[in-house]
Amino acid sequence: MAYKIVYPIFYVLSLLPFRVLYGISDFFYLIMYHIVGYRKKVVRKNLSSSFPEKTPQELKEIEHGFYHWLCDYFVETLKLLTVSDETLLKHIEFRNAEQIEEYYDKGQTCAAILGHYCNWELLSATGLAFKRHKEAVCGLIYHPLRSKIFDMLFKDIRQSKGGVCIPKQEILRYLVRYKREKRMWLFGYISDQSPKYLNIHCWLPFLNHDTPVFTGGEKIMKKMNDAVFYVDMQRPERGKYICTFRLITDKPAEMQENEITKIFFEMLENTIKRDPKLYLWTHDRWKRNHEHFDKYYVMENGHVIKRKDVEL
């Protein structure tokens, strides 16, 4: 009932032209950054520890740019509710989508692996770039939000351009069904979240940190024999995005364990260093550390369990 009341408000706001929405974004930047100071401590900690070589002035410039972009992200995402396909394609360019279709021609499904960089919500519109495989399933695997209202809103937004939105706990069941139906797909795996201690099976160097990473997406890609693409996003100017699909492998089963995940984080780090302000710095990504993990947890038969000889 609450969503039925709130949704029309979001819908009407999404009807506003981009120039007005960016004006609203500028207003919210003043509130979020200068008045509320939304997660400033986390942002500053993440930036200073990720770029120890940068001067305080350089870090401050990244910080300001990040909050401007974050406010833009929200209004751009909201606009997806009502923007026409023609208008949207003036704001985002998909490059190398034809290579994905070439794999479809050969009967091979695809996976896109990406981070919280630029406006990742735009990936839900990838199907607009396909010329010969309009029937392919394009979607995003996601972790449901705590707020039911915003979870429903973002699900509606992500599905507004023909994509499907599937909770990560259910993705394998859906892929098995699509495979049985002989359908081609491209699913996006946002793979830079911070796993809980019991889900940590791999640590990798990332942005000057020893970082715990999820490996479940890689296992699914191997099981489904997906051609795996990295999503390299750029924002050359406000309101303009370039989304380039870069092939990592079309033989995932032949890759070493965690190799796809390792390559992804190397590519994501290079993308972030190219323009750091476009990464989601408000997330407390490095709240779990290796020392704590080694002290309280142990790996047995491929599973992480709490050590019995040490009290948490």
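Which loop holds Asn301? Asn301 lies in the loop between strand E10 (297–300) and strand E11 (303–306). The model shown here is predicted.

- Strands of a sheet pair through backbone hydrogen bonds, in either a parallel or an antiparallel way.
- Strand E8 (residues 227–237) and strand E9 (residues 240–249) take the antiparallel sense, over 8 bridges.
- Asp232 stands opposite Thr244 in E9.

**Salt bridges around Asp72**

- Asp26, Asp72, Glu76, Arg235 and Arg238 are linked in a network of salt bridges.
- One of the pairs is Asp72 with Arg235, at 3.0 Å from N to O. Asp72 lies in helix H4 (residues 56–79) and Arg235 in strand E8, so this pair ties together parts that are 163 residues apart in sequence.
- Are Asp72 and Arg235 buried or exposed? Both Asp72 and Arg235 are buried.
- Asp72 also meets Arg238 in a salt bridge, at 2.9 Å from N to O. Asp72 is in helix H4 and Arg238 in the loop between E8 and E9, so the pair ties together parts that are 166 residues apart in sequence.
- Asp72 has a relative accessible area of 2%, and that makes it buried. Arg238 counts as partly exposed, at 37% relative accessibility.

**A second salt bridge site**

- Glu170 forms a salt bridge with Arg173. Their closest N and O atoms are 3.0 Å apart.
- Glu170 counts as partly exposed, with 29% relative accessibility.
- Arg173 is exposed, at a relative accessible area of 54%.

**Asparagines with positive phi**

- Asn258 has a phi near 70°, a positive value in a residue other than glycine.
- Asn258 sits in the loop between E9 and helix H10 (259–274).
- Why does Asn258 count as buried? Asn258 counts as buried because its relative accessibility is 18%, and the cut-off for buried is under 20%.
- Asn301 has a phi near 55°, again a positive value in a residue other than glycine.
- Asn301 is exposed, with a relative accessible area of 79%.

**Asn289**

- Asn289 is found in the loop between H10 and helix H11 (290–296).
- Asn289 counts as partly exposed, at 36% relative accessibility.
- Which residues does Asn289 touch, not counting those up to four places away in sequence? Asn289 touches Tyr197 and Trp203.
- Asn289 and Phe264 are 25 residues apart along the chain. Their C-alpha atoms are separated by 21 Å.

**Ile305**

- Ile305 is found in strand E11.
- Ile305 is partly exposed, with a relative accessible area of 28%.
- Leaving aside neighbours within four places in sequence, Ile305 is in contact with Leu198, Tyr296, Tyr297, Val298 and Glu300.
- Ile305 and Asn199 are 106 residues apart in sequence. In space, they are 9.4 Å apart, C-alpha to C-alpha.

**A nonpolar surface patch**

- Tyr11, Val12 and Leu15 form a nonpolar patch on the surface. Together they have about 280 Å² of accessible area.
- Leu15 has its place in the loop between helix H1 (2–14) and helix H2 (18–36).

Technical notes
Residues are numbered from 1 along each chain as its sequence is written. This is a predicted model: local features need pLDDT of at least 70, side-chain atom pairs count only at pLDDT 80 or more; totals for chains, interfaces and linings use all residues. Side-chain values use heavy atoms; hydrogens and water are left out. Patches are made of residues with over 30% relative accessible area and no salt bridge: like charges are joined within 9 Å, nonpolar side chains (Val, Leu, Ile, Met, Phe, Trp, Tyr) within 5 Å. Accessible areas come from the Shrake-Rupley method with a 1.4 Å probe; for residues, only the protein chains shown count as cover. A salt bridge is a side-chain nitrogen of Lys or Arg within 4 Å of a carboxyl oxygen of Asp or Glu. Helices (H or I, at least four residues) and strands (E, at least two) are DSSP runs, numbered from the N terminus. Two strands pair if DSSP finds at least two bridges between them. Buried means under 20% relative accessible area, exposed over 50%, partly exposed in between (1.4 Å probe, protein chains only). Contact means heavy atoms within 4.5 Å.
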